[in-house]
Amino acid sequence: MSFLDQIEPLKQQALVDFNNASDLQSLDQVRVEYLGNQGKFTALLKQLGSLSKEEKPAAGKQINLAKVQMEAALAERREMLELQSALPKNPTDFTLPGRRHKLGKLHPLTQVTDDIVRCFRKLGFVVADGPEIEDDYHCFDALNTPADHPARDAQDTFHLGGSNRQLLRTHTSSVQIRVMEKQSPPIRIIVPGRVYRRDNADATHNPTFHQIEGLYVDKHVTMSDLKGTVEFVFKQLLGDEVKLRFRPHYFSYTEPSMEIDFSSPVVKKMGKDWLEIAGCGMVHPQVFKTVGYDPEVWSGWAFGFGIERIAMIRYGITDIRLFYQNDVRFLAQF
Ligand code: DAH
């Protein structure tokens with residue numbers, strides 16, 4: 001076979017072998033086989049010197065062209081194999097069905113709070129917030145609570161001291177004052193939040209628990225608005241069988257004041273006819289004066305109830321401490 005006739009088939013064979021190399025190592029072996037010092041193509045190049053003067057230019061041109069093409073093919077294959085080796089060994093199969101992960105859940109108290117907030121939102125209430133470290137003024141004075149009231153006793157309240165006589169708020173009612181100080185009526189707020197009292201923990205008491213406060217101030221607000229509102233929310237939360245009873249009571253920041261009792265099949269199961277669930281009343285004119293509202297123009301009502309108590313009734317829980325122990329066997333049930 002003439003020299004020229006050998007170039008093309010050898011090049012073609014080399015290109016096929018390059019493309020068949022399945023990894024970088026075997027590609028290098030194939031490279032050496034053709035282009036190494038002892039390689040088949042190198043051997044052909046070496047023969048160039050023995051050609052006649054007439055044959056040499058054409059043969060040289062062709063063999064160099066073949067060499068350039070082979071080197072380009074080699075580089076291309078190498079790049080491709082390098083890319084491949086950088087890919088993960090077991091690539092992700094995106095067509096596999098999804099795997100279910102066990103997601104966490106919201107704490108039962110958070111779930112109940114969210115439900116309560118949702119009910120009040122339907123009636124146009126918005127959520128307000130205030131500090132848990134409160135001062136004497138917002139927790140007691142501005143709520144018309146006299147200095148000798150038992151709630152102010154060191155036995156009942158966590159006092160922190162300081163120039164503002166700071167304390168851990170004993171109820172969310174302090175937020176009523178903070179909101180009315182900043183906004184003018186009409187007001188329609190609820191305040192879910194944590195409160196603190198110096199109680200020893202037992203099945204129905206804990207030194208910290210949660211309340212929801214409500215405040216509605218406008219012109220011509222009446223007690224029947226209060227009763228209708230509370231009844232709507234409790235029926236939404238605990239079912240249509242619930243019955244509510246309003247009983248006269250005393251709070252320094254409302255006049256008249258009432259306690260709300262609650263009855264339902266669950267309460268009956270607990271061996272009781274009625275369960276006390278909330279305090280409420282018409283906002284005391286003195287409270288309006290303190291925040292700068294004219295009690296001749298504005299009227300309003302307020303209420304406050306315990307979130308734990310509602311959650312206990314809803315789920316039939318008999319020990320309040322379960323809410324704070326974070327035992328997953330308890331929490332996973334909600
Ligand atoms: N602050 C009271 C408590 O902690 C509950 C309460 C009663 C809130 C009457 C009110 C209210 O807003 O008007 O027991």
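**Contacts, loops and a ligand in a predicted model**

Q: How far is the backbone oxygen of Gly36 from a polar atom of the side chain of Thr42?
A: Thr42 belongs to helix H3 (residues 40–47). Helices (H or I, at least four residues) and strands (E, at least two) are DSSP runs, numbered from the N terminus. A polar contact is a pair of N or O atoms within 3.5 Å; within protein, one must be able to donate a hydrogen and the other to accept it, and residues adjacent in sequence count only if both atoms are side-chain atoms. Between the backbone oxygen of Gly36 and the polar side-chain atom of Thr42 the distance is 2.6 Å.

Q: What kind of model is this, and at which pLDDT do side-chain atom pairs count?
A: Residues are numbered from 1 along each chain as its sequence is written, and side-chain values use heavy atoms, with hydrogens and water left out. The model is predicted: totals for chains, interfaces and linings use all residues, local features need pLDDT of at least 70, and side-chain atom pairs count only at pLDDT 80 or more.

Q: Is Thr42 buried or exposed?
A: Buried means under 20% relative accessible area, exposed over 50%, and partly exposed in between (1.4 Å probe, protein chains only). Thr42 has 13% relative accessibility, so it counts as buried.

Q: Which residue with a positive phi follows H5?
A: Within H5, the buried residues include Leu109, Val112, Ile116 and Phe120. After the helix comes a residue with a phi near 90°, namely Gly124.

Q: What is the phi of Asn144?
A: Asn144 lies in the loop between helix H6 (136–139) and strand E3 (159–161). With 27% relative accessibility, it counts as partly exposed. Asn144 is not a glycine, yet its phi is positive, about 70°.

Q: Is Asn326 buried or exposed?
A: The loop between helix H11 (307–315) and helix H12 (328–331) holds Asn326. Its phi is positive, near 55°, in a residue other than glycine. At 53% relative accessibility, Asn326 counts as exposed.

Q: Which residue is joined to Pro256 by a cis peptide bond?
A: Pro256 is placed in strand E8 (residues 254–263). The omega of this cis bond is about -5°, and the partner of Pro256 is Glu255.

Q: How much of the ligand does the protein bury?
A: A polar side-chain atom of His171 is 3.0 Å from a nitrogen atom of the ligand, and an N or O atom in the side chain of Glu213 is 2.5 Å from an oxygen atom of the ligand. Accessible areas come from the Shrake-Rupley method with a 1.4 Å probe; for residues, only the protein chains shown count as cover. Taken alone the ligand exposes 360 Å², and the share of this buried by the protein is 90%.
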